[in-house]
Amino acid sequence: MPTPITCNEDLRQLARRRVPKAIFDYVDRGSYDETTLNANRADLQAIRLRQKVMVDVDNRRLDTTLVGEAARIPVAIAPTGLTGLMHGSGEILAARAAQAFGVPFTLSTMSICSIEQVRAAVDQPFWFQLYVMRDRDFVRSLITRAREAGCSALMLTADLQIQGQRHQDIKNGLSVPPRLTVSNAFDMARKLPWLWHVLRGPSRSFGNLEGFVRGAQGTQTLAQWVGGQFDTSLSWKDVGWIRDLWPGKLIVKGIMDPDDAREAVGQGADAIVVSNHGGRQLDGAPSTIAALPGIVDAVGHRTEVLFDGGVRSGQDVYKAMAIGARGTFIGKAFLYGLGALGQAGVSTALELIRKELDITMALGGIRDVADLDREALWQPSSGSASGATAQVNLLDAA
Ligand SMILES: Cc1cc2nc3c(=O)[nH]c(=O)nc-3n(C[C@H](O)[C@H](O)[C@H](O)COP(=O)(O)O)c2cc1C
């Protein structure tokens with residue numbers, strides 16, 4: 001009998017066995033010394049919860065709205081590049097799993113399956129994540145394509161105009177499309193189901209860019225491509241230009257600083273995502289959970305503050321919401337599921353989080369996710385509410 005999957009780490013281990021090392025490492029690893037990657041997990045794990053007993057926790061409610069859309073749990077799928085290499089047709093499978101489960105799915109600019117391919121394969125519209133390239137005509141056309149596909153929100157990613165180095169990608173010779181080399185041929189040959197699915201997928205390179213952007217075709221490293229195409233002059237004044245092209249909901253992702261949060265709100269963002277790109281960009285930045293309290297205090301009354309970075313369990317979602325996030329995104333947590341078991345693995349990743357969140361709420365004396373606040377965190381000293389704040393402040397200063 002196969003070992004039952006009890007937690008996200010089980011999906012991670014399964015994905016590690018099924019996906020070629022270069023692709024698994026691309027998902028799993030972070031930039032430079034991985035200080036920030038590790039801090040995202042460690043700081044979330046360090047938070048202690050308040051145990052509350054003898055509270056009627058019958059009929060718990062986990063549903064909410066995220067950026068105006070119904071969500072069965074306060075979780076959405078984060079935009080991730082090259083998802084169609086973690087598993088063939090990966091973006092389509094993840095979008096289907098998310099929609100069947102009842103949470104938003106975000107498609108990356110750097111996806112393997114294009115906006116049109118994903119839209120044709122799923123029932124409902126999804127969110128689209130935008131990277132701003134030097135070629136503004138192309139950016140305009142991407143926004144138009146997202147609008148024509150009925151995408152219900154545009155997410156502008158602000159923290160990757162230049163790519164932080166991931167040592168492991170260089171060591172593995174990661175390229176797009178994957179290139180057969182002497183060193184990886186043996187690995188790929190041992191992962192034939194993976195290869196079969198990838199070869200059957202609708203695309204093997206950047207689906208949104210192929211045929212549109214010069215240099216998007218042909219094999220090259222991701223870092224080379226980003227270095228050549230992304231616009232390092234992107235600044236707050238460009239948000240107005242994007243707003244004019246996109247009348248719908250606008251989310252700004254990659255906010256780690258209260259001043260940047262205020263600026264994003266001032267520019268008309270309907271929501272922000274507190275994110276350090278999953279520890280893949282500025283190494284040495286604090287964990288997102290450490291940055292969250294200051295940002296919630298600065299703009300939480302004016303906009304939806306969403307959160308990502310290190311979320312692997314329902315307990316993690318609970319902690320972020322207790323500090324003031326409206327909901328969280330999952331990146332690696334869904335990718336591990338996808339690499340492990342395709343669409344069923346993404347559904348499993350979401351269902352694990354749902355169950356963990358549900359039980360954590362019951363044990364913490366919380367009946368409705370909307371009631372989560374800092375009181376739900378453990379109070380280190382006297383049991384006073386200020387103790388919980390002290391715990392949050394500790395993280396803040398980390
Ligand atoms: C493999 C991978 C690819 C990613 N690609 C993108 C991307 O194309 N656009 C983007 O805005 N964020 C991207 N991200 C960042 C995620 O959207 C999200 O911020 C991050 O994964 C959250 O941290 P977590 O992986 O610990 O959940 C990527 C993350 C991973 C792991």
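**View 1. The shell around the ligand.** In this predicted model, 22 residues surround the ligand. Pro79, Ser108, Thr157, Asp308 and Gly310 are the closest of them. Two helices, α2 (21-28) and α16 (332-341), each give the shell at least two residues. Sorted by class, the shell holds 11 polar, six nonpolar and five charged residues.

View 2. His277 places a polar side-chain atom 3.3 Å from a ligand nitrogen. On its own, the ligand exposes 600 Å². The protein buries 98% of that area.

View 3. The largest cavity is the space that the ligand takes up. Among the residues closest to the ligand here are Ser108 and Thr157. Helix α16 (332-341) is one of the elements that supply at least two shell residues.

**View 4. The largest pocket.** This pocket has a volume of about 470 Å³. Its lining consists of 24 residues. Closest to the pocket centre are Ala158, Asp159, Gly254, Ile255 and Asp260.

**View 5. Make-up of the pocket lining.** Helix α12 (237-245) and strand β7 (249-255) each contribute at least two residues to the lining of the largest pocket. By class, that lining has 13 nonpolar residues, eight polar and three charged.

Conventions: Residues numbered from 1 in each chain as written. Predicted model: local features only at pLDDT ≥ 70, side-chain atom pairs only at ≥ 80, totals over all residues. Heavy atoms only, no water. Near = heavy atom within 4 Å. Polar contact = N/O pair within 3.5 Å; in protein donor to acceptor, adjacent residues only side chain to side chain. Areas by Shrake-Rupley, 256 points an atom, 1.4 Å probe, with all protein chains shown as cover. 1 Å grid on protein atoms, 1.4 Å probe; cavity = no way out; pocket = protein on both sides within 12 Å on 5 of 7 lines; lining within 4 Å. Sits in = over half its atoms within 2 Å of the grid points. Helix = DSSP H or I, 4+ residues; strand = E, 2+ residues; numbered from the N terminus. Nonpolar A, V, L, I, M, F, W, Y, C, P; charged D, E, K, R; others polar. Points joined across faces, edges and corners; volume = space filled by probe spheres on them.
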